[in-house]
Amino acid sequence: MSLVKRKKDFRYMERIEGRLVNIAEGLELHTGVFDAVEQKKIVDFVYRLQAKGRAGILGERTYSEPRKWMRGKGRVTIQFGCCYNYATDKDGNLPGIVRSVEADPMPPLLISMIKRMVSWRVLPPTCVPNSCIINLYDKDDCIPPHIDHHDFLRPFCTVSFLSECNILFGANLKVLGPGEFSGSLAIPLPLGSVLILKGNGADIAKHCVPAVPAKRISITFRKMDDRKLPYRYTPDPELRNLRQLASPSVKPSAQPAHSSPQAVSPHSQNLMPDVRLTTTPASQARKAEFQAQKPETASQSVKDSMSSNPFGANDFPTLSSTSSKPSKRSWK
């Protein structure tokens, strides 16, 4: 955690309704949160999810791969936790969270990423994400100017993989052509970095990603407003009571002599006891049930993804563990 670099002083003044406003207030860039080995494991997992989506194994509204009919159109999305409508759909559902749709729950690897970001003081424990959307970009794909829907609380964050690109911010972003935009402020997104959006950076400035020069993956994590939760949503117990590690510059207080074995200083291990994933009887039963229902190839895929641990045992929750929440889909 001490190697993570954090920039929290973004500043760009724009005149809005006659007064100067720092449109970048609230933006934070945390670099070095996920190293190269971790990035590869996450990217490989995303491509396995894409294969399952194309095979029809994921939920109907979990996986979307629109036809590429022009430059900048056709970005693949995979959603967990909720189904978010970008525009009014054929059933008349307005943009926002579609509460009537029961979405696939977040896979254990994505939950582990959330735990890393909370424990490493990237995300606050007061706004733990319970939904995410994975964007898979081909060359020339983009995200047009927008402000994230207020069905989601602030802050939210996006993690970058595969290739670097710029994200543009501005109160009045301009569309120059298909996938081409101009804005006041451009922020490069390094690989493995986490961009936090809140304050003016989330609610006054719009943001967009111009057509990317190469394949890219981003994972955006957001917490749903409790008033907008899907009707059949069940909270994941693995995301409760997450804690932050002590800042590297803060000296931990001495532990009392009668402290229990669980009351360990954060500096003696990289994750607090209640931030670690544990294998429960329910999760073991879920794995056995899935392997009994699916063909041998799918079973082997589950075995491979669950047995491989892409992160160190002491600095990241292991992937051999799963959430105790019953799975609705075979996304592992």
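Q: Hi! How many cavities of 30 Å³ or more does a search of the whole structure find?
A: The search finds 2 of them. Keep in mind that this is a predicted model.

Q: Okay, how much space lies in the second largest cavity?
A: About 30 Å³.

Q: And which residues line the second largest cavity?
A: The lining is made of Gln79, Phe80, Cys82, Tyr84, Ser131, Cys132, Ile133, Phe152 and Arg222. Two elements give two or more residues each to that lining: strand E6 (76–80) and strand E9 (131–137).

Q: Which element gives the largest share?
A: That's E9, with 3 residues.

Q: What does the lining of that second largest cavity look like by class?
A: There are 6 nonpolar, 2 polar and 1 charged residues in it.

Q: Let's switch to pockets. What volume does the largest pocket have?
A: The largest pocket has a volume of about 970 Å³.

Q: How many residues line the largest pocket, and which lie nearest its centre?
A: The lining has 40 residues, and Arg75, Thr77, Tyr86, Ile133 and Asn135 lie nearest the centre.

Q: Which elements give two or more residues to the lining of the largest pocket?
A: They are E6, strand E7 (84–85), E9, strand E10 (143–146), E11, strand E17 (206–209) and E18. By class, the pocket lining has 18 nonpolar, 14 polar and 8 charged residues.

Q: New topic: helix H2. Where is it, and how many residues does it have?
A: Helix H2 covers residues 108–119, which is 12 residues. From its first C-alpha to its last it reaches 16 Å, close to the 16 Å expected at 1.5 Å a residue.

Q: Is H2 mostly covered or mostly exposed?
A: Mostly covered: 12 of its 12 residues are buried. Among them are Leu109, Ile111 and Met113, and also Lys115 and Arg116.

Q: What do the buried residues of H2 pack against?
A: They pack against helix H1 (36–54), E6, E9, strand E11 (156–161), strand E16 (194–197) and strand E18 (216–222).

Q: What happens just after H2?
A: Arg121 takes a positive phi there, of about 65 degrees.

Q: Zooming out, how many helices and strands are in the protein?
A: The secondary structure comes to 5 helices and 18 strands.

Q: And what percentage of the protein's residues are buried?
A: Buried residues make up 51% of the 332 residues.

Q: Last one: how much accessible surface does the protein have?
A: About 16,000 Å², and 51% of that belongs to carbon and sulfur atoms.

Technical notes:
Residues are numbered from 1 along each chain as its sequence is written. This is a predicted model: local features need pLDDT of at least 70, side-chain atom pairs count only at pLDDT 80 or more; totals for chains, interfaces and linings use all residues. Side-chain values use heavy atoms; hydrogens and water are left out. On a 1 Å grid over the protein atoms alone, a cavity is a set of points where a 1.4 Å probe fits but cannot get out, and a pocket is an open set with protein on both sides within 12 Å along at least five of seven lines; lining residues have an atom within 4 Å of a point. Grid points are joined across faces, edges and corners, and a volume is the space filled by probe spheres set on the points. Helices (H or I, at least four residues) and strands (E, at least two) are DSSP runs, numbered from the N terminus. Ala, Val, Leu, Ile, Met, Phe, Trp, Tyr, Cys and Pro count as nonpolar, Asp, Glu, Lys and Arg as charged, and the others, Gly among them, as polar. Buried means under 20% relative accessible area, exposed over 50%, partly exposed in between (1.4 Å probe, protein chains only). Accessible areas come from the Shrake-Rupley method with a 1.4 Å probe; for residues, only the protein chains shown count as cover. The expected span of a helix is 1.5 Å times one less than its number of residues. Contact means heavy atoms within 4.5 Å.
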